[in-house]
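Welcome! Have a look at the sequence and structure first.

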Amino acid sequence: MLEIVCGAFDNVIVVINSNNAMELGWVENYDSIGAVILAPGTGETGMAALGEILSGAVNPSGRTVDTYVYDLTATPVYHNVGNFSYTNVEDLKAAFTEADEAYQGTIAFVNYVEGIYLGYKFYETAAEEGLIDYDEMVQYPFGYGLSYTSFSQEISAFSDDGDSLSVEVTVTNTGDVAGKTAVELYFTPPYTNGGIEKASVNLIALDKTDTLEPGASETVSFTIPKEDMAAYDSNCLKTANGGYMLEAGEYILSVRSDSHTILDEASFTVDADIDYSVDGRASDDAVAVNQFQDYSAGDVTYLSRADGFANYAEATAAPAEEAYQMDDETRAAVMEKSVAYYDPTLYDNPDDVMPTTGADNGLRLSQFTGLDYDDPMWDDLLDQLTVEEMGQLVNLGGFQTIAVESIGKVATLDSDGTSGLNDWVTGVYGTPFPVEVLISQTWNPELARRTGSAIGAEYADCSIYGWYGSAMNMHRTAFCGRNFEYYSEDGVLAGVIASAEVNGAAEHGVYAYIKHFALNDQETNRCSFLLTYSDEQAIREIYLKPFEMCVKQFDDQSLAVMSSFIWIGTIYSGANPYLLNNVLRDEWGYRGMVLTDWDGSYGYQLTDDCVRNGNDIMLGFNSYESNVLTDIDAPTLVLALRQASKNILYTVVNSGNYTMEDPDAAGLDTMTTVFLIVDIAIAVICVAAETIVLLRWRKKRTAAQN
């Protein structure tokens, strides 16, 4: 096709309608190809813009959100992506199959061997260390994009205010056509050979100019906390129990046209190490120390910058044969939290006291909108709940939260999807918006916020205030089947754009379930006991970063989180107290509910296990025997149900279900109305079908008698 087109035309434009980064080296083989434009999932009307861009009516200003390399099989992650199933677990597989019909038939692992050196962070650092020839490996850098005009960018003001930096970047349109451009700020930290791992180039902030006429300028301002430049010391090289460390030395802040091309730079010096594991970061509610490393790192060699990436070949090789043999310690951990072997009584605390249930305090949930999460009135409300109500509230979370009679809670609706309203349960659909990778390619936080607001408006129009989005896992590889609904290979870019979308939706009372928390960066085996091994530095600096930014930059009270299917090391994410309680709630200050990903059980999604460890509600319809709560006489479980119920109620009462609607108005609530309509429709169809069958039977009987 390329030969025919390029042989017939002198000027060829290639449109890449792909959500995943592709090998595009072939573009350079055809002299007539003058331009390449990325056009991933454009939504319902996005392709209409393509003609305007190609005609010159609109000046493009997007940027890549991934590094485009010539050879995708030569990336550091290539040999550690996909299917790695344990080979000595046939007995476990048989037990899981017998216990749970949804079990998917394998137990697998995946090793995040690259550590923090994902995407451009590897290529820029490896080139600086002399490991690679950058131009031979990278075709289009991260953050790269062209325009019909040109721009200059310079740091016009820079000051060090102690705990933060103030930066102003003056952008001037130096070409002949009006246009806008992204402003990309990166930092280069000091690195000591063999010390805490650090990439040589790291995105720290971004924004987008307004449309500038030829010759016009705009100054874009940033305030950057220095704590955002701290590296996480998961190996305790300088900290007692892990933590963030801003090491002494010179830091360079650069404005770049992409991750590789410097336009201007400034520097500042940190005179002595700042150890945030002692006093904590200003943005945290609790000091961050190791929560994962002991069980997440596993027996894996991670890529290190030491001695110019001397361990590159060893670290990035495919798993050795012995890695497919599950060891006894891992086997015990997997068995303990599986459907076949789980015993809830092992986790009961004999010192726990049964809380009050079923009290008649006369409170209604509608009185609690805007009430502080820690207000003691919550205890009076929670005392009114029965154990049965709490169990149902937690277990029946598929596309809904149920009504609770004792506190006057109305039933509410949740829905997919990340690119617009897509409720296949009730058959309600909205505008298909562009996929998240395209939104991220705009490098435009304000446009992302407007997109989130538009999505939120359609949800609110349908009285659906729970949105199963945004999705913000990483483009760890070009081969992930779900990169379309994830933003980027970079956590900061993903965090900026996702935060804007989530806040936009909240303008309409819609609470986003930011997902999939966390490390759900491949589809292969993700529902099959996928033991995902990563060092804690990478977990925090790369994979948790967009979630952290969303939680800390959220403007409203109503936000939700969807946990992921995968296991972090030997602990399932949806029942990981270190992730859901210690990091999400204690460190980041999150208040709200956590929902599982689709509750298929799959051999390990246990309501009892989840609710005891910080996951509040199950995305399912209680159709699996494994999720029946059997330990309901135990104070430990009832206390866990009570806490989960509070988190659900807090999220719902601060959403549009209560701020945009009148929950105490007479008449049927939204959920009842929608499902009543569905039930009536099904009943009508069934009656009609039965009538047809009876009429045909009568006709045949009459004919037989005649």
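Helix 15 crosses helix 17 in a right-handed manner; a crossing is called right-handed if the near helix is turned clockwise from the far one by less than a right angle, and left-handed if anticlockwise. Helix 15 covers residues 491–506 and helix 17 covers residues 545–552. Helices here are DSSP runs of H or I with at least four residues, and strands are runs of E with at least two, both numbered from the N terminus. Two packed helices are described by the angle between their axes and the distance between the axes. For this pair, the angle is about 35° and the axes lie 8 Å apart. The axes are lines fitted to C-alpha atoms over the stretch in contact, and angles run from 0 to 180 degrees between N-to-C directions.

Which residues of helix 17 make the contact? They are Lys545, Pro546, Met549 and Cys550, while helix 15 brings residues including Gly491, Val496 and Val502. Contact means heavy atoms within 4.5 Å.

## About the model

This is a predicted model, where local features need pLDDT of at least 70, side-chain atom pairs count only at pLDDT 80 or more, and totals for chains, interfaces and linings use all residues. Residues are numbered from 1 along each chain as its sequence is written, and side-chain values use heavy atoms, leaving out hydrogens and water.

## Cysteines without partners

A disulfide is a covalent bond between the sulfur atoms of two cysteines. Counting pairs of cysteine sulfur atoms within 2.5 Å, the model has zero disulfides. The sulfur of Cys527 is too far for a bond, because the closest cysteine sulfur, in Cys480, is 13 Å away. Cys550 is in no disulfide either, with the nearest cysteine sulfur, again that of Cys480, 18 Å away.

Cys527 is buried at a relative accessible area of 9%, and Cys550 is buried at 1%. Buried means under 20% relative accessible area, exposed over 50%, and partly exposed in between, using a 1.4 Å probe and protein chains only.

Ser419 sits in the loop between strand 17 (412–415) and strand 18 (422–423). Is Ser419 buried or exposed? Ser419 is buried, with a relative accessible area of 17%. Leaving aside residues up to four places away in sequence, Ser419 touches Thr431, Pro432, Phe433, Pro434, Val435, Glu436 and Ile455.
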